Amino acid sequence: MGQNIFFISDTHFGHANIIKYEDRPFADTTAMDKELIKRWNNTVAKDDIVWCLGDIGLGSKDYIRSIICQLNGHKRLVRGNHDNWNDQVYRDMGFEYVSKYPIVLKNFFVLSHAPMEYMGKCSPFYFIYGHVHGSPSFADQTENSCCVCVERWNYAPIRIKAFDDYNPGQLNN
């Protein structure tokens with residue numbers, strides 16, 4: 001069996017105020033971080049790939065590194081507005097790939113921390129993003145986008161059917 005590819009954003013490990021801001025169901029950061037690690041590892045196998053779309057955590061570099069090294073999978077990061085260290089710091093923490101800019105996978109999927117302004121139905125791309133947490137202005141998923149903020153998906157990485165099913169060779173048939 002091949003690697004599964006998962007997506008997640010806005011874990012905010014170590015960030016006490018996010019519990020209040022987003023009404024997360026955790027008593028404190030210790031409980032939140034422990035549960036996020038548990039849910040991640042119950043979802044992701046060691047050889048899977050996880051694209052983290054920003055805002056991985058707030059706290060000391062050592063603390064965030066201690067969290068990242070506990071998480072299953074090959075981790076890749078598209079930095080968010082709270083990911084302020086340089087790319088090498090995140091690589092040293094355990095991310096195999098780090099970008100401060102949106103990236104495109106399979107020539108079709110745009111991965112970014114924040115939603116793009118041009119995500120309408122007329123766009124030929126599929127957008128995977130975070131940043132907006134539980135904002136009702138954005139749907140969890142549409143035919144051409146998916147918000148992967150942890151609040152929307154039971155605080156765990158998710159697989160996206162459109163990504164798993166996409167076969168660019170089908171376009172040539």
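Before you click, note that the model is predicted, so local features need pLDDT of at least 70 and side-chain atom pairs count only at pLDDT 80 or more, while totals for chains, interfaces and linings use all residues. Numbering starts from 1 along each chain as its sequence is written, and side-chain values use heavy atoms, with hydrogens and water left out.

**Stop 1: the strands.** Select S2 (residues 49–52) and S3, which run parallel and are joined by 4 bridges. Elements here are DSSP runs numbered from the N terminus: helices are H or I of at least four residues, strands E of at least two. Strands pair if DSSP finds at least two bridges between them. Pick Val 50 and you'll find Lys 75 as its bridge partner in S3. Now follow the chain from S2 through helix H3 (residues 61–68) to S3: this β-α-β crossover is right-handed, meaning the path from the first strand over the helix to the second runs clockwise with the strands pointing away from the viewer.

Arg 76 has Tyr 97 as its bridge partner in S4. S3, H4 and S4 also make a right-handed β-α-β unit.

**Stop 2: Asp 83.** Go to the loop between S3 (74–78) and H4 (87–93), where Asp 83 sits.

**Stop 3: Arg 79.** Arg 79 is itself buried, at 16% relative accessible area. Its side chain meets that of Asp 87 in a salt bridge (2.5 Å, N to O).

**Stop 4: pairs within helices.** The whole structure has 7 salt bridges. One of them joins Arg 39 and Glu 35 at 2.7 Å, N to O; both lie in H2 (residues 29–43), 4 residues apart, about one turn of the helix. Finish at Lys 161 and Asp 165, whose closest N and O atoms are 2.4 Å apart in a salt bridge. Lys 161 is exposed at 60%, whereas Asp 165 is partly exposed at 45%.

Notes: A salt bridge is a side-chain nitrogen of Lys or Arg within 4 Å of a carboxyl oxygen of Asp or Glu. Buried means under 20% relative accessible area, exposed over 50%, partly exposed in between (1.4 Å probe, protein chains only).
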